[in-house]
Amino acid sequence: MIKKLLLTLAMLASMAAAWAQVDVNKADAAALDSIRGLGPAKTKLILEERKKGEFKDWADLEQRVKGIGEKSALRLSQAGLQVNGKSKDGAPMAADKPAKSGK
């Protein structure tokens, strides 16, 4: 019973982290790593660039962080990453994804 409860709590915590919005200018390494598509290497690049000054907008992030381009920025935004509290223009929300057919 306790194992099931702990498993349920762990699943809820991971789901909450997946839905959380993370601002690139405020987040620590752990919060950035929680974004699907960011790992330790990319997080390190983001934090190093942020030391030089906050990111003004998505274009600034894409320009300053090697490996983040238009397509990856859209995916990161969809996963919950924000710049100054804003999602990337044109990034669909997770609920906007069309359902996959079983065919």
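Helices (H or I, at least four residues) and strands (E, at least two) are taken here as DSSP runs, numbered from the N terminus. This is a predicted model, in which local features need pLDDT of at least 70 and side-chain atom pairs count only at pLDDT 80 or more, while totals for chains, interfaces and linings use all residues. Residues are numbered from 1 along each chain as its sequence is written, and side-chain values use heavy atoms, with hydrogens and water left out.

**Helix α3**

- Helix α3 (residues 40-51) has 12 residues and reaches 17 Å from its first C-alpha to its last, close to the 16 Å expected at 1.5 Å a residue, where the expected span is 1.5 Å times one less than the number of residues.
- T43, I46 and E49 are buried in α3, buried meaning under 20% relative accessible area, exposed over 50% and partly exposed in between (1.4 Å probe, protein chains only).
- The face turned away from the buried side of α3 carries the exposed residues P40, A41, K44 and K51.
- The buried residues of α3 pack against α2 and α4, with contact meaning heavy atoms within 4.5 Å.
- G53, which follows α3, has a positive phi, near 145 degrees.

**Helix α5**

- In helix α5 (residues 70-78), the buried residues are S72, A73, L76 and S77; they cover an arc of only 140 degrees around the axis, so they sit on the same side of α5.
- K71 and R75 are exposed on the other side of α5, whereas its buried residues pack against α4 (58-64) and β2 (81-82).
- G80, which follows α5, also has a positive phi, near 120 degrees.

**Nonpolar core**

- The largest nonpolar core holds 17 residues, of which V24, L32, I46, L61 and L81 touch the most other members; such a core is a set of buried Ala, Val, Leu, Ile, Met, Phe, Trp, Tyr and Cys residues joined through side-chain atoms within 4.5 Å.
- The elements giving two or more residues to this core are α4 and α5.
- L81, leaving aside its neighbours within four places in sequence, is in contact with V22, V24, L32, I35, L38, W58, L61 and L76.

**The buried N25**

- N25 is found in the loop between β1 (22-23) and α2 (29-33), and this residue is buried, with a relative accessible area of 7%.
- A polar atom of the N25 side chain lies 2.8 Å from the backbone nitrogen of F55.
- Not counting residues up to four places away in sequence, N25 touches R50, E54, F55, V83 and N84.

**Salt bridges**

- The whole structure contains six salt bridges, each a side-chain nitrogen of Lys or Arg within 4 Å of a carboxyl oxygen of Asp or Glu.
- R64 and E49 meet through their side chains in one of these (3.2 Å, N to O); R64 lies in helix α4 and E49 in helix α3, so the pair ties together parts that are 15 residues apart in sequence.
- E49 is buried, with a relative accessible area of 16%.
- R64 also forms a salt bridge with D60, with the closest N and O atoms 3.0 Å apart; both residues lie in helix α4, four residues apart, about one turn of the helix.
- D60 counts as buried at 11% relative accessibility.
- The side chains of E62 and K88 meet in a salt bridge (2.9 Å, N to O), linking helix α4 to the segment after β2 across 26 residues.
- E62 and K88 are both buried.
- Salt bridges that share partners join E49, K52, D60 and R64 into one network.

Key. Arc of directions from axis to C-beta. Polar contact = N/O pair within 3.5 Å; in protein donor to acceptor, adjacent residues only side chain to side chain.
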